Every structure is written in C-alpha cells, then in structure tokens.
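Dear colleague,

Please find below the structure that I am handing over to you. My findings follow directly after it, and I would be grateful if you read them with the structure open.

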Amino acid sequence: MPKSLISINDFSKEDILHILSVAREMEANKTQRLLEGKVVACLFFEPSTRTRLSFETAAKRLGAKVIGFSDVTNTSISKGETLKDTIKMVSNYVDIIVMRHPLEGAARYASEVCDLPVVNAGDGANQHPSQTLLDLYTILQTQGRLDKVTINMVGDLKYGRTVHSLLQAMSHFDPTFIFTAPDALRMPAEYKTFLQKRGIPYTETDSLSEHLCDCDILYMTRVQQERFSDPMEYERFKDVYRLEKSMLTGVRENMKILHPLPRVGEIAEDVDNTPYAYYFKQAENGMYVRMSIIACLLGYK
Amino acid sequence: MSERNTQLKVSAIKDGTVLDHIPAGRLFQVVDILDLSHCSNPVTIGVNLESKSQGRKGIIKIADRFFEDEELSRIALAAPEATVNIIKDYQVVSKKKIELPAEVVGIAKCSNPMCVTNNQDVPTRFTTVVEGEKVKLLCHYCEKTTEEFVPLRH
Ligand SMILES: [Zn+2]
C-alpha cells in the first residue's frame, strides 16, 4: 500500500479492497483503541465541516488525539506561511496528517516535504479519495458486489470531481455507466477516452427519467457554485434535475440512490423515506472508511 | 544532391548546432524554448522549406553554440521529430535524434491556475503523453493535462 492516500489512482484494486474490508471490521466494531497514544493532525486550509467531523470522529474512535485547524483565519498561514513550512512544522508533532487545501496538488506536495503519511481530504477540484472509497464501500454494501454494477451518474459531470474519481476507481470492476447531464455539463472527453480504452460501456443522456429503471446505483450530484467562473452559467444549471418519489415507480428493487451531500434541490425530501434512499447511510459509512484509511496507513491493519 | 549540400544552400555555419526537421508550424515555439531571441550568436532561421518526409519543415542554425542534453530535451516538447546536427569546421560531426523525456521537471508551466505549482514555490513535474504528433504534459501535482507547452519563466 502507498505511504499516503493522495489520489485514488495511486491505489491498486487490491489496496482498495483491503481498505474496504478493514472498513467492514470498523463498522462491526465502532470503537477500537488501535491508535491509543497517536496524534492525528486535521489541517483544513479550506473549511469543510462534514469532512472534518468525519475524519476527527474516525480518529477519536480509534483512540487517537486530534490537533489542527478548521480554517486558516488567525493562523500563521493567513500571515503568509508557506504550505511547506506549515507541513514541516506540524509533521514534527504528529503521526499522520489529514489535510484539505484549495490548491490542486497541495496534498501530493505535502506528502513529498514530510515523511509522515498524508491523507488528502480534498485538494480543490482535483481529488477527494476518501469520498471515492466510501462510495465504493457503499456500492459494495448495497449490491453485495462491486463487479458488473450499472451506475447512473447525474448532474454536473463536467466539474464534479467525485464522479471522475468514482469512474476511475470503478474501472477495476467491469462496470456499465450511464451519464445523465445537461449538454454543457457532460462528462469530459478524457474520461470517455479512458473508458473506451478499457472497453467499459457507457451511454449519455440529458433526461433524468430516461435511465432511472435500468441502473443499480443512481449517483446524484450537486451542481457546485464554486466550480463555475460565470455566475450566470451556475444559475442556468443549479436546478436542472430534481428527483422526486413519483419518478421512482418501476426502478430495480436493488437500486440505491447515493449523493455525496450536502444536497441543494436535487433530491426531494419525499425520496428520503423510500427504500431506495441511501445517502445518509452513505455519509455514516464515511466514518468507517476513514477509520480504515487512518489505521491502514499507520500500519495497524 | 547530398544533404550536406542542401544545408549549405540555406547558409553554412563553420561551428555550431543545426536543428533540422522541425515541423514548420512549431519553428517559432522552438525559438522561444531555446530563448533564441535573446541569443547574441548568429542565428539563421529557415521556415517552410521543402522536406521529402515532412512536407514543410523548419531549420535553425546557431553558430558557435552547443546545447546541453537537458536544453535539447526541451525541444522535444514542441518538436519531438527534430534532429540535432553538431557542426565542426563545416562538417556534421555528430547527429542525434532528440529524446522525449518520460518526465519533465522544472521546465514547463502547468496550465491550471489552481495548481499548487502556480501558487507556491514548487518545481513543476510532468509525465509526457504522446498523442499522434502532439506531446501533452500530465501534471504530477494537480493531475491535469497541459496541452500547449509554455516554458516556465525563472
Ligand atoms: Zn498542475
């Protein structure tokens, strides 16, 4: 297994399956004092309450102490300290660094300037590998398998990093993809080329209703304002798809709806009580997967 | 007619380097990469010359200058098919093909403005990806592809 978790592409199929199997042990036994006496740094150079709480809880459930910051106001970084200096300083105090940073490639760079394992908790629009691993864990949990699953990805497929990473990670498992997106937010050509080279089938549509009944996983995403440079473009697309309970008649029995959360208006609240809604359980799974990531990178599993 | 004579027709140099078989459209990129507009040596540039293998090619002759391999590998980013002739006393004493490096460190600029290399003091690092006759650069940090080579300004 690589020293750090920076990009899902660094992890082989075996590495991924190992993380998922340890996550299952964590879910079965939610408090394990594996990391008693260890210190985990959670450095959030850009705020993200959900991801930070999930990592901090994961570390604490393993018995570790947590230090860090949740945004950079009133820190030495706001006074102009370089990323390298912050990482070098913190690495003297802790055993592993979890970091989120607005610059793409920041986590990779951090992993090169210190000897500790680094977990990338999001580097701008680039990677968010713990999200990808929890998505895989959830697909495995709901379908009983990762192989030969049909995934319908919906929403912003152009800028959405979670769908890009999930697509790359799923390529190990012989999937079929459906891409549901408005014309301006379609899956970029480089990812379609990636699939073609591997002989992985996909279809594209701009209609949400078209493929609801022929997928195992409906992966909904939010159109993220911060990825648009033009606010007018964002206004045009933010409400492009809205999934409602009435649209779910005739879907596969095993079909589950996932969403990286937070949702804005993509999934109506009346969907929450259907047997297909799984996004809250998916968020919970994030904690077990992050427990697994931290334990595995520190060599405890 | 021998190749030597063809070259002499453009303009012979006594000692120096001749870069040949540059695709005509990339000639000025190579001029930029080697920063030849700030070069005080005599430089002869030929563009849109006929070439049996390439259609139209470009050629650059730089008198009294011999490049390091690292400098030459930069040319590969714009013109991987170019050849380098080392001239001593009007004779080609060695001829080499430019090797496209698998990795390019500290030479090219990442086209992604949000890349850590454009915002912190981090040397750029790319792996080269050949697509047809184009060379693309895959950033080691932000994982984005830079389509057009832009030299890093030091
Ligand atoms: Zn980059």
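Helix 5 of chain A is made up of 15 residues, and its first and last C-alpha atoms lie 21 Å apart, close to the 21 Å expected at 1.5 Å a residue. Please bear in mind that this is a predicted model. Helix 5 of chain A is mostly covered, with 13 of its 15 residues buried. Just after this helix, A:Gly144 adopts a positive phi of about 75°. A positive phi is also found at A:Lys148, about 55°, although A:Lys148 is not a glycine. A:Lys148 belongs to the loop between helix 5 and strand 5 (150–154) of chain A, and it counts as exposed because its relative accessibility is 55%, the cut-off being over 50%.

Helix 1 of chain A (residues 13–28) has 16 residues and spans 23 Å from first to last C-alpha, close to the 22 Å expected at 1.5 Å a residue. Its buried residues are A:Asp15, A:Ile16, A:Ile19, A:Leu20, A:Val22, A:Ala23, A:Met26 and A:Glu27. Viewed down the axis of helix 1 of chain A, the buried residues fall within an arc of 165°, so they line one face of the helix. What do these buried residues of helix 1 of chain A pack against? Their partners are helix 5 (129–143) and helix 9 (279–297) of chain A. On the face of helix 1 turned away from its buried side are the exposed residues A:Glu14 and A:Ala28.

A:Arg290 is buried yet has no salt bridge. The nearest side chain of opposite charge is that of A:Asp135, 8.2 Å away; a salt bridge requires the nitrogen and the carboxyl oxygen to be within 4 Å. The side chain of A:Arg290 does make a polar contact with the side chain of A:Ser130, at 3.1 Å. Leaving aside neighbours within four places in sequence, the residues in contact with A:Arg290 include A:Thr51, A:Ser54, A:Phe55, A:His128 and A:Leu134.

The loop that leads towards helix 9 also deserves a note. A:Pro262 is located in the loop between strand 9 (256–258) and helix 9 of chain A. The peptide bond joining A:Leu261 and A:Pro262 is cis, with omega about 0°.

I turn next to the salt bridges. Over all chains, the structure holds 26 of them. One of these joins the side chains of A:Arg186 and A:Glu204, at 3.1 Å from N to O. This pair links distant parts of the chain, 18 residues apart: A:Arg186 is in the loop between strand 6 and helix 7 of chain A, and A:Glu204 is in strand 7 (residues 202–205) of chain A. A:Arg186 counts as partly exposed at 37% relative accessibility, and A:Glu204 counts as partly exposed at 33%. A network of salt bridges links A:Asp183, A:Arg186, A:Lys192 and A:Glu204.

The loop between strand 6 (176–180) and helix 7 (189–197) of chain A also holds A:Ala184. A:Ala184 is partly exposed, with a relative accessible area of 29%. Apart from neighbours within four places in sequence, A:Ala184 is in contact with A:Lys158 and A:Phe237. A:Ala184 and A:Asn120 are separated by 64 residues in sequence and by 29 Å in space, C-alpha to C-alpha.

Elsewhere in chain A, the side chains of A:Glu244 and A:Arg242 form a salt bridge at 3.1 Å, N to O. A:Glu244 is partly exposed, with a relative accessible area of 31%, and A:Arg242 counts as partly exposed at 42% relative accessibility.

In chain B, B:Glu103 forms a salt bridge with B:Arg125, with the closest N and O atoms 3.0 Å apart. B:Glu103 lies in strand 6 (residues 103–105) and B:Arg125 in strand 7 (residues 125–131) of chain B, so the pair ties together parts that are 22 residues apart in sequence. B:Glu103 counts as partly exposed at 37% relative accessibility, and B:Arg125 counts as partly exposed at 27%. Finally, B:His21 has a positive phi of about 60° although it is not a glycine; B:His21 is placed in strand 1 (residues 16–23) of chain B.

With kind regards

Key
Residues are numbered from 1 along each chain as its sequence is written. Chains are lettered from A and ligands numbered from 1 in the order in which they are written. This is a predicted model: local features need pLDDT of at least 70, side-chain atom pairs count only at pLDDT 80 or more; totals for chains, interfaces and linings use all residues. Side-chain values use heavy atoms; hydrogens and water are left out. Helices (H or I, at least four residues) and strands (E, at least two) are DSSP runs, numbered from the N terminus. The expected span of a helix is 1.5 Å times one less than its number of residues. Buried means under 20% relative accessible area, exposed over 50%, partly exposed in between (1.4 Å probe, protein chains only). The arc is that of the directions from the helix axis to the C-beta atoms. Contact means heavy atoms within 4.5 Å. Lys and Arg count as positive and Asp and Glu as negative; His and the chain ends are not counted. A polar contact is a pair of N or O atoms within 3.5 Å; within protein, one must be able to donate a hydrogen and the other to accept it, and residues adjacent in sequence count only if both atoms are side-chain atoms.
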